[in-house]
Every structure is written in C-alpha cells, then in structure tokens.
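Please keep the sequence and the model in view while reading.

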Amino acid sequence: MDKFTTLTGVAAPLPIINIDTDMIIPKQYLKTIKRTGLGTALFSEMRYNDDGSENPDFVLNKPAYRQAKIIVAGDNFGCGSSREHAPWALLDFGVRCVISTSFADIFYNNCFKNGILPLVVTPEQLAMLLDDAERGSNATLTVDLEAQTIRGPDGGELHFDIDPSRKQILLEGLDDIAGTLKSDPAIAGFEAKMSENRPWL
C-alpha cells in the first residue's frame with residue numbers, strides 16, 4: 001500500500017447520514033476481484049442519471065470537487081454489507097481520507113487494510129469541517145497523520161485520536177501480510193523453539 005503521512009486535498013461535503021456500502025458501490029459492480037477500475041462506479045446511483053448522464057447536482061460531479069481526495073460525511077458512514085469493494089472504489093477514485101462522526105466497524109477496518117484513513121470527529125468538529133468543505137475549490141484540508149491534526153483552509157487546526165497500531169500501519173504502508181511479516185523473526189524463533197521442545201509435532 002502507499003504510505004499515508006500527510007494528505008492535502010480538496011474535501012467534498014457529503015452531509016448524508018447512513019451512507020451504506022451499496023450507495024458507495026452498488027451490487028452490480030461486485031463481480032470483479034480487481035481493486036482497480038471501480039472509481040467510475042463510486043456513488044454511481046447518485047452520480048449518474050438513468051440514461052447514464054452525469055447528475056450535475058451530485059457533489060463529485062461539480063468542477064470544484066472532481067479531484068476530491070477527502071470526503072466529509074454524515075454519521076454512520078459505510079454501514080450495510082461488508083463489501084470490501086467500497087474502499088476499493090473510494091481509493092480508485094482518489095479518496096484517501098473519509099471524515100465522519102462514526103463508521104460501521106467492518107468498513108472502518110477495511111479502510112485501514114486498503115490505505116484509507118477513516119477519521120472520527122465530534123459533531124461540532126464535523127460541522128466546522130463541512131463548512132470548510134462547502135468552499136468549493138478553496139475547500140482544501142491538510143490531514144497530518146503523524147501529528148494527528150486536520151488543518152483547514154483558514155489555518156485552524158483540529159486534533160484527532162487514532163489507535164497507535166492502526167496509525168503505524170498507514171504510516172508504513174503495510175497491508176495485513178506485510179504487517180505480519182514484520183514479526184517474521186519472532187515467528188521463526190517461536191517455530192524453532194517449538195521444534196526443539198516438541199519434535200513430535
């Protein structure tokens with residue numbers, strides 16, 4: 001995975017509560033096992049009209065937000081089914097950070113496995129960030145994972161909390177396998193000791 005250290009980018013406001021994984025990536029796109037190519041289908045039922053044309057009212061179709069790297073969303077983001085295609089679609093579109101007051105557990109865990117930072121903030125902080133995100137092309141936020149801060153376009157800063165082990169995974173760009181391999185010397189030592197003490201196993 002790409003390392004996540006500091007991210008500066010346009011933040012798109014999506015103040016909808018209970019955005020589920022079917023809204024993020026509808027079921028008809030779940031046939032693929034590839035992690036690429038799903039960006040065009042991100043939020044497709046909201047982004048496109050029935051005839052396939054773009055819905056000009058949807059935030060990611062507006063010129064200022066077409067290159068958004070951050071989404072500021074309503075409560076309970078990523079609820080619904082456990083499809084990992086949801087973070088795949090976000091990442092393929094270019095989104096590396098989603099900010100909300102809460103996330104569904106499985107989606108939250110899947111974000112870390114795919115190099116996306118899901119940030120939990122207070123309702124008051126979310127209101128401030130949504131206000132920042134409403135500024136169009138000036139809606140630029142800087143997320144500093146090392147310092148655990150979000151800096152707004154006016155220079156104001158918010159602090160966020162994150163589990164230290166999850167933080168380190170993103171900083172180092174480690175997926176589950178790479179994270180396990182960091183313990184390879186300890187695993188090898190344990191296996192050698194087991195072979196010595198219990199050779200019948």
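## The largest pocket

Lining the largest pocket are Met1, Asp2, Arg35, Thr36, Trp88, Leu91, Asp92, Arg96, Asn114 and Gly115, where a pocket is an open set of points on a 1 Å grid over the protein atoms alone at which a 1.4 Å probe fits, with protein on both sides within 12 Å along at least five of seven lines, and lining residues have an atom within 4 Å of a point. The space in this pocket comes to about 180 Å³, a volume being the space filled by probe spheres set on the points, which are joined across faces, edges and corners. Sorted by class, the lining holds three nonpolar, three polar and four charged residues; Ala, Val, Leu, Ile, Met, Phe, Trp, Tyr, Cys and Pro count as nonpolar, Asp, Glu, Lys and Arg as charged, and the others, Gly among them, as polar.

## Basis of the model

The model is predicted, and local features need pLDDT of at least 70 while side-chain atom pairs count only at pLDDT 80 or more, although totals for chains, interfaces and linings use all residues. Residues are numbered from 1 along each chain as its sequence is written, and side-chain values use heavy atoms, with hydrogens and water left out.

## Helix α3

Helix α3 spans residues 85-93, and because seven of its nine residues are buried, it is largely enclosed by the rest of the structure. Here buried means under 20% relative accessible area, with a 1.4 Å probe and protein chains only, and helices (H or I, at least four residues) and strands (E, at least two) are DSSP runs numbered from the N terminus. The buried residues of α3 are His85, Ala86, Pro87, Trp88, Ala89, Leu90 and Phe93, and their cover includes α1 (21-24), α2, β2 (70-73), β3 (97-100) and α4 (105-113). Just after α3, Gly94 takes a positive phi of about 120°.

Ser44 lies in helix α2 (residues 44-47) and is buried, with a relative accessible area of 7%. Leaving aside neighbours within four places in sequence, Ser44 is in contact with Met23, Pro26 and Tyr29, contact meaning heavy atoms within 4.5 Å.

Asp132, placed in helix α5 (residues 123-133), is also buried, with a relative accessible area of 13%. Apart from its neighbours within four places in sequence, Asp132 is in contact with Ala139, Leu141, Gly152 and Pro153.

Definitions and conventions:
Buried means under 20% relative accessible area, exposed over 50%, partly exposed in between (1.4 Å probe, protein chains only).
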